[in-house]
Amino acid sequence: QNQLVEEEKQRKREEKLKQKKIMEKEKERKKEERLQKLGQKQIMEAEQRRKREEEKLEKIKQKQMLEDEKERMMLIARAKQIEAQELAEEIEREIEIERERERE
């Protein structure tokens, strides 16, 4: 009977050990899952940051293009203004020359 009791105790110890190993494996698996999820989250966050940076750069680029276009238009307008002023002065000179001729 002692032997039976000892065998039963040994069986219970082995069962406990098995359960402990199963629990440890499950704990390790969950830990791995957590780490994997964390890694996925970090990748997603990095991707979102990169996307935001690209959008910022695109906005800056668009703004710069608009400013460049505005400056170009202002330069064209200024050039046309100068051209018109020179043309007006030339016409005034020609009118003055005509008046001089008429006086003579």
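**Notes on the salt bridges and a nonpolar patch**

1. Let's begin at Arg103: at 60% relative accessibility, this residue counts as exposed, because the cut-off for that label is over 50%. Keep in mind as you read that this is a predicted model.

2. What does Arg103 pair with? Its salt-bridge partner is Glu100, and the closest N and O atoms of the two are 2.8 Å apart. Both residues sit in helix H1, with a spacing of 3 residues, or about one turn of the helix. Glu100 has a relative accessibility of 37%, so this residue is classed as partly exposed.

3. Now go to Glu26 and Arg29. These two form a salt bridge as well, and here the closest N and O atoms are 2.4 Å apart. Why does the spacing come to about one helical turn? Because Glu26 and Arg29 are 3 residues apart in helix H1, which covers residues 2–103.

4. Are Glu26 and Arg29 buried, exposed or in between? Glu26 has a relative accessible area of 32%, so the label is partly exposed. Arg29, at 38% relative accessibility, is also put down as partly exposed. Buried would need a value under 20%, and exposed one over 50%.

5. Which residue joins them in a network? Glu33 does: Glu26, Arg29 and Glu33 are linked by salt bridges.

6. Next up is Glu53, which makes a salt bridge with Lys56. The closest N and O atoms in this pair are 3.6 Å apart, which falls inside the 4 Å limit that a salt bridge needs. Glu53 and Lys56 are 3 residues apart in helix H1, so about one helical turn separates them. For Glu53 the relative accessible area is 42%, which means partly exposed.

7. How many salt bridges are there by this rule? The count comes to 10. The pairs picked out above include Glu26 with Arg29, Glu53 with Lys56 and Glu100 with Arg103.

8. Leu87, Ile91 and Ile95 make a nonpolar surface patch of about 260 Å². One of the three, Ile95, is found in helix H1. Ile95 has a relative accessible area of 39%, so this residue counts as partly exposed. That value also meets the patch cut-off, because members need over 30% relative accessible area.

Methods:
Residues numbered from 1 in each chain as written. Predicted model: local features only at pLDDT ≥ 70, side-chain atom pairs only at ≥ 80, totals over all residues. Heavy atoms only, no water. Salt bridge = Lys/Arg side-chain N within 4 Å of Asp/Glu carboxyl O. Helix = DSSP H or I, 4+ residues; strand = E, 2+ residues; numbered from the N terminus. Buried < 20%, exposed > 50% of the residue type's maximum accessible area, 1.4 Å probe, protein only. Patch = residues over 30% accessible without salt bridge, like charges linked within 9 Å, V, L, I, M, F, W, Y side chains within 5 Å. Areas by Shrake-Rupley, 256 points an atom, 1.4 Å probe, with all protein chains shown as cover.
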